[in-house]
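Here are my notes on this one, written as numbered points. Keep the picture open beside you and click on each residue as you go.

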Amino acid sequence: MNSLIRHKGWTWGFRTTILLYFVVLIVLPILGVYYNSFSLGLGSFVESIMDPIAWKSVLLTLKLAVISTLINVLLGTMIAWVLIRYKFPGKALLNSLVDLPFALPTAVGGLMILLLLGPGSLIGGLAESLGFEIVFHQPAIVIAMVFVTFPFVIRAVQPLLEELDASEEEAAYTMGAKPSRVFLQVILPSMSPGMIGGGMLAFSRALAEFGAVVLVAGNIPGRTLVSSVFIFGEVESDNPVGAAAVSIILLTLSFLILWLISLLQMRGRRS
């Protein structure tokens, strides 16, 4: 069997199949988006980007994605720490629930947020009585982004904590270092690649979130209309050029983020 797989014909077939898969499902759709965005000329592209509703939706998406990423980095690191360093009843269940956002359709996640925090819910009603509205406002968008990107930082930090050599911590304690100093100088540098890489993936994913956001955002231009919902609206309005123009901004940002992640991983392997 091994000799059959190593045969040049089989090798060429496997490589060709993988390349075709990559080209048809990834490269061609991306090129199609870029082509459509410039199909009416550079002037039309600039006009689409300079549309106040369009660039406000992009800026709002960037702002809320940054907020959700910071929350995920903080909470994700803490959860990864607890799952690795502590033993408690229900730990296996909690560890399996971390991946739930990956398994659920994002629209279901949005519906869960709507039912939990909506005006008719206990929490939503209490928040309204205090003068604080969640659903159909920016806090709901942040919560939706945090939910769908929740596992990234946790799953990136966990293996780094598992591989951390306990002798380094013990040596630091033996030399009289305080717990805070051990964490900052020994543990945190080991976790930081996972925190940064997971945070970048969470940010990139939050930029493109649609299913959970569209149900809880309210979609008010300039206030709660994010890029993904704006793109959907442009397609529905028979304006594919405007949709493609905003899409390539998100695509370019995602490419840059993935490139930075690859660069960090290569540096980590060399060190």
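1. Let's start with a single residue. Ser204 is found in helix H12, which covers residues 179-207. Helices here are DSSP runs of H or I with at least four residues, strands are runs of E with at least two, and both are numbered from the N terminus. With a relative accessibility of 13%, Ser204 counts as buried. The cut-offs are these: buried is under 20% relative accessible area, exposed is over 50%, and partly exposed is in between, using a 1.4 Å probe and protein chains only.

2. What does the side chain of Ser204 make a polar contact with? The partner is the side chain of Ser254, at 3.4 Å. A polar contact is a pair of N or O atoms within 3.5 Å; within protein, one must be able to donate a hydrogen and the other to accept it, and residues adjacent in sequence count only if both atoms are side-chain atoms. Once residues up to four places away in sequence are left out, Ser204 touches Ser254 and Ile257. Contact here means heavy atoms within 4.5 Å.

3. A word on what you're looking at. This is a predicted model, where local features need pLDDT of at least 70 and side-chain atom pairs count only at pLDDT 80 or more, while totals for chains, interfaces and linings use all residues. Residues are numbered from 1 along each chain as its sequence is written, and side-chain values use heavy atoms, with hydrogens and water left out.

4. Now zoom out. The protein chain has 15 helices and zero strands. Its C-alpha atoms fill a box of roughly 70 × 65 × 35 Å, taken along the principal axes. Of the 271 residues in the protein chain, 34% are buried. Take the contacts with a separation of 6 or more: 73% of them are between residues 24 or more positions apart.

5. Back to H12, and its meeting with H4. The axes of H4 and H12 come within 8 Å and cross at roughly 135°. That makes H4 oblique to H12. Axes are lines fitted to C-alpha atoms, for helices over the stretch in contact, and angles run from 0 to 180 degrees between N-to-C directions. Under 35 degrees counts as roughly parallel, over 145 as roughly antiparallel, 65 to 115 as roughly perpendicular, and the rest as oblique. The residues in the contact of H4 with H12 are 13 nonpolar, six polar and one charged. For these classes, Ala, Val, Leu, Ile, Met, Phe, Trp, Tyr, Cys and Pro are nonpolar, Asp, Glu, Lys and Arg are charged, and the others, Gly among them, are polar.

6. H4 (residues 52-85) also meets H10 (residues 150-163): their axes come within 8 Å and cross at roughly 45°. H4 and H10 are therefore oblique to each other. Among the residues making this contact are Asn72, Val73 and Trp81 of H4, and Phe150, Val153 and Leu161 of H10. By class, that contact has eleven nonpolar, four polar and one charged residues.

7. Stay on H10 for a moment. Its buried residues are Pro151, Phe152, Val153, Ile154, Val157, Gln158 and Leu161. Which helices do the buried residues of H10 pack against? They pack against H4, H5 (91-97), H6 (100-103), H9 (138-148) and H12.

8. Ser192 is found in H12 and is partly exposed, with a relative accessible area of 25%. A polar atom of the Ser192 side chain lies 2.9 Å from the backbone oxygen of Pro189. Ser228 sits in H14 (residues 227-236) and counts as buried at 9% relative accessibility. The side chain of Ser228 reaches the backbone oxygen of Glu209 at 2.5 Å.

9. Last stop: Phe45, in H3 (residues 42-49). Is Phe45 buried or exposed? Phe45 is buried, with a relative accessible area of 14%. Phe45 and Val241 are 196 residues apart in sequence, and their C-alpha atoms are 7.4 Å apart in space. Leaving aside neighbours within four places in sequence, Phe45 is in contact with Ser37, Phe38, Ala245 and Ile248.
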